[in-house]
Amino acid sequence: MYRFLLTPRWWAINVFLLLSIPFCVFMGSWQLGRFEDRVDNHREAEAQVADAKKDEPRPLDDLLPVTKATSGKQATATGRYDTQLLVPGRTLDDKDGYYVLTLLRTDTGRALPVVRGWLPGEPDPAKAPAPPAGEVTVTGALQASETPGSNGVSARSGLPEGQTAAISAASLINLVPYDVYDAWVTLNRGDSGMRAVPASAPGGTGLDLKAFQNLGYTAEWFAFVGFVIFMWFRLFRREVELARDAELGLGPATDTADTTDTADDGGKPGDADDDNGDDVPRQASGVSSPVQ
């Protein structure tokens with residue numbers, strides 16, 4: 001009954017099964033490992049941001065450019081506050097609000113974007129506290145420039161005057177007439193009664209969409225293992241049923257059509273053709289046949 005397993009067709013099916021299962025398991029395990037690596041990186045990045053608050057502040061220029069190693073580090077800069085902008089669409093503790101961003105003009109000729117704090121509600125320049133006058137020294141967590149459309153940063157355009165969607169040099173250079181650092185700082189303590197904005201982990205180390213894509217691919221590979229096994233048993237059961245039917249003589253019957261009497265018109269006497277299809281003319285009555 002199971003001799004069909006030795007046919008070339010089933011040899012190919014079995015080889016495919018034996019190769020596909022370990023391959024799918026390997027790919028699923030690899031995707032799961034990628035997800036676990038991202039989780040570990042996320043935890044390490046959060047721990048780095050928390051530990052960076054305890055570090056001694058360093059001059060801004062010593063920490064640039066911003067990398068995963070310097071993101072979240074305590075930086076200091078001295079200068080005078082200049083242009084102030086509002087950054088709408090920012091949440092803090094699940095509440096909607098906006099950042100108060102003020103550009104600190106330093107002796108280098110460039111300005112450092114400084115997030116002085118967060119306020120709830122819709123952006124309102126009248127509610128945003130004015131920056132301190134004169135020369136100030138700020139200390140806060142160093143952050144990399146934001147990329148519009150990623151990590152929750154809005155990519156909307158056409159904002160009212162005095163607002164920006166992203167904190168980045170590429171966005172701010174069009175709003176102020178001087179150069180801007182490709183980085184920004186969030187103060188450790190909110191200025192003028194505003195709430196301080198906590199530093200975030202560097203980009204590419206969080207549980208973002210790519211991390212959950214790895215988790216989804218893991219589920220797909222392991223689901224494919226189950227699908228391959230299911231299809232093999234389904235084909236096997238079908239072949240066994242066909243083999244049993246053949247042993248019991250329950251195979252599909254073939255109908256034979258009777259084509260021998262297609263020209264039979266009922267066998268009426270006097271027809272030109274009789275039932276056996278002879279074309280020999282009948283002998284006329286009253287005529288004796290010649291003696292052989």
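Accessible areas here come from the Shrake-Rupley method with a 1.4 Å probe, and for residues only the protein chains shown count as cover. With that settled, I looked up the total: the protein chain exposes about 18800 Å², and carbon and sulfur atoms supply 55% of it.

A note to myself on the source: this is a predicted model, where local features need pLDDT of at least 70, side-chain atom pairs count only at pLDDT 80 or more, and totals for chains, interfaces and linings use all residues. Residues are numbered from 1 along each chain as its sequence is written, and side-chain values use heavy atoms, with hydrogens and water left out.

Next, burial. I find that 33% of the 292 residues in the protein chain are buried (under 20% relative accessible area; exposed is over 50%, partly exposed in between, with a 1.4 Å probe and protein chains only).

Then I turned to salt bridges (a side-chain nitrogen of Lys or Arg within 4 Å of a carboxyl oxygen of Asp or Glu). I count five by this rule.

I looked at E239 and R9, whose side chains meet at 2.8 Å, N to O. E239 sits in helix 4 (residues 209-247) and R9 in helix 1, so the pair ties together parts 230 residues apart in sequence. Helices are DSSP runs (H or I, at least four residues) and strands likewise (E, at least two), numbered from the N terminus. E239 is buried at 15% relative accessible area, while R9 is partly exposed at 42%.

My last entry is R116 with D191, a salt bridge of 3.1 Å, N to O. Both R116 and D191 are buried.
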